Amino acid sequence: MAEPPPFSLGFEEPGAGYVSGSQRARVFTESWVAAYLFCPNCGERRISPYVANRPVADFHCASCREEFELKSQRGRFGAKVLDGAYGAKMARLASDTSPNLMLMNYDLAGFAVTDLFFVPKQFFTPQIIEERPPLSPKARRAGWVGSKIVLRDVPASGKVWFVRGGEALARDAVLEQWRATLFLRDAPPAARGWLIEVMKGVEALGRPSFTLDDAYGFEARLARLYPANHNVRPKIRQQLQMLRDRGWLEFVGRGRYRVRAGV
């Protein structure tokens with residue numbers, strides 16, 4: 001397959017029929033995605049928009065059927081991102097039908113994308129979904145309960161960058177990072193949560209090589225997260241073995257591991 005042309009990070013101005021700023025932003029961000037983004041899962045040259053008002057996803061890949069939801073804003077995303085109804089979100093997590101999340105930042109002065117990364121759907125666990133207070137009785141949707149995605153609890157491996165600091169990443173690098181964590185989709189939700197938490201601990205060490213004793217430093221945090229588990233150290237060893245077997249880690253001997261997927 002021939003390499004696609006380099007990214008153009010600039011937007012095209014929507015037609016005069018779009019009056020509000022939010023309408024214009026939606027049109028120029030969605031048009032840019034449809035024009036330039038390839039599928040990070042299978043490498044298909046373009047992902048396609050769904051028809052308007054689809055309740056869950058905005059884009060899909062016609063080749064591998066992956067679905068994607070786009071959220072965009074001018075400033076950088078903070079520790080949490082507003083999302084839809086809490087009940088619906090949790091139901092989708094339980095049924096494994098959540099789309100992959102696409103987060104875009106853009107600059108209006110330059111009228112271009114500045115940053116864009118994906119959070120693959122395997123990183124969506126109940127632990128990163130926060131319930132918002134119900135809307136007040138005077139609100140138009142009184143009693144409605146929204147949600148937030150806690151981005152700070154997503155490990156670095158769960159953020160697949162396409163554009164960073166105004167620079168488009170190489171296609172092969174994007175595909176490699178995406179594929180490095182697909183093994184998490186094979187794990188049941190509870191097991192996936194443990195694997196992700198151990199991955200976060202490894203990344204927090206800030207170096208590619210570490211020891212088993214370093215990993216035992218995660219014990220107190222994991223004990224708080226999983227108070228029903230009274231054998232945290234054996235569980236940590238089990239997760240390290242699973243991450244090794246799936247290629248995310250490499251065992252180099254004498255209780256030492258090396259991250260293969262990068263941190």
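Buried residues are those under 20% relative accessible area, exposed ones are over 50%, and partly exposed ones fall in between (1.4 Å probe, protein chains only). By this criterion Tyr 257 is buried, with a relative accessible area of 7%. The model is predicted: local features need pLDDT of at least 70, side-chain atom pairs count only at pLDDT 80 or more, and totals for chains, interfaces and linings use all residues. Residues are numbered from 1 along each chain as its sequence is written, and side-chain values use heavy atoms, with hydrogens and water left out.

Secondary structure follows DSSP runs, numbered from the N terminus: helices are H or I with at least four residues, strands are E with at least two. Strand S9 spans residues 160-164. Four of its five residues are buried, so S9 is largely enclosed by the rest of the structure. Two strands count as paired if DSSP finds at least two bridges between them. Strands of a sheet pair through backbone hydrogen bonds, either parallel or antiparallel. S9 runs antiparallel to strand S6 (residues 112-119), and three bridges join the two. Phe 118 has Val 160 of S9 as its bridge partner. S9 also pairs with strand S10 (residues 167-168), again in the antiparallel sense, over two bridges. Here Arg 164 is bridged to Glu 167 in S10. Two residues lie between the strands of the S9 and S10 hairpin, where Gly 165 takes a positive phi near 60°.

Aromatic contacts were examined next. Rings of Phe, Tyr and Trp (its six-membered ring) pair if their centres lie within 6.5 Å; planes under 30 degrees apart count as stacked, over 60 as edge-to-face and the rest as tilted. The structure holds 14 such pairs. One of them joins Phe 38 and Phe 162: the ring centres are 5.2 Å apart and the planes are at 25°, so the pair is stacked. This pair links distant parts of the chain, 124 residues apart. Phe 38 lies in the loop between helix H1 (21-36) and strand S1 (48-49), while Phe 162 belongs to S9. Phe 38 counts as buried at 3% relative accessibility. Phe 162 is buried as well, at 0%.

Phe 210 and Tyr 257 form another stacked pair, because their ring centres are 5.6 Å apart and their planes are at 15°. Phe 210 sits in strand S11 (residues 209-211) and Tyr 257 in strand S13 (residues 256-259), 47 residues apart. Phe 210 is buried, with a relative accessible area of 0%. Ring pairs also link Phe 38, Phe 68, Phe 118, Phe 162 and Trp 178 into a cluster.

Charges over rings were assigned when NZ of Lys or CZ of Arg is within 6 Å of the ring centre and within 35 degrees of the ring normal. The charged end of Arg 164 sits over the ring of Trp 161, 4.2 Å from its centre. Arg 141 lies over the face of Trp 144, with 4.2 Å to the ring centre.

S11 and S13 belong to an open sheet of three strands, in the order S11-S13-S12, with antiparallel pairing. S11 and strand S12 (249-253) stand at the edges with a single partner strand each, so one side of each is left without a neighbour in the sheet. S11 and S13 are joined by three bridges. Ser 209 stands opposite Arg 258 in S13.
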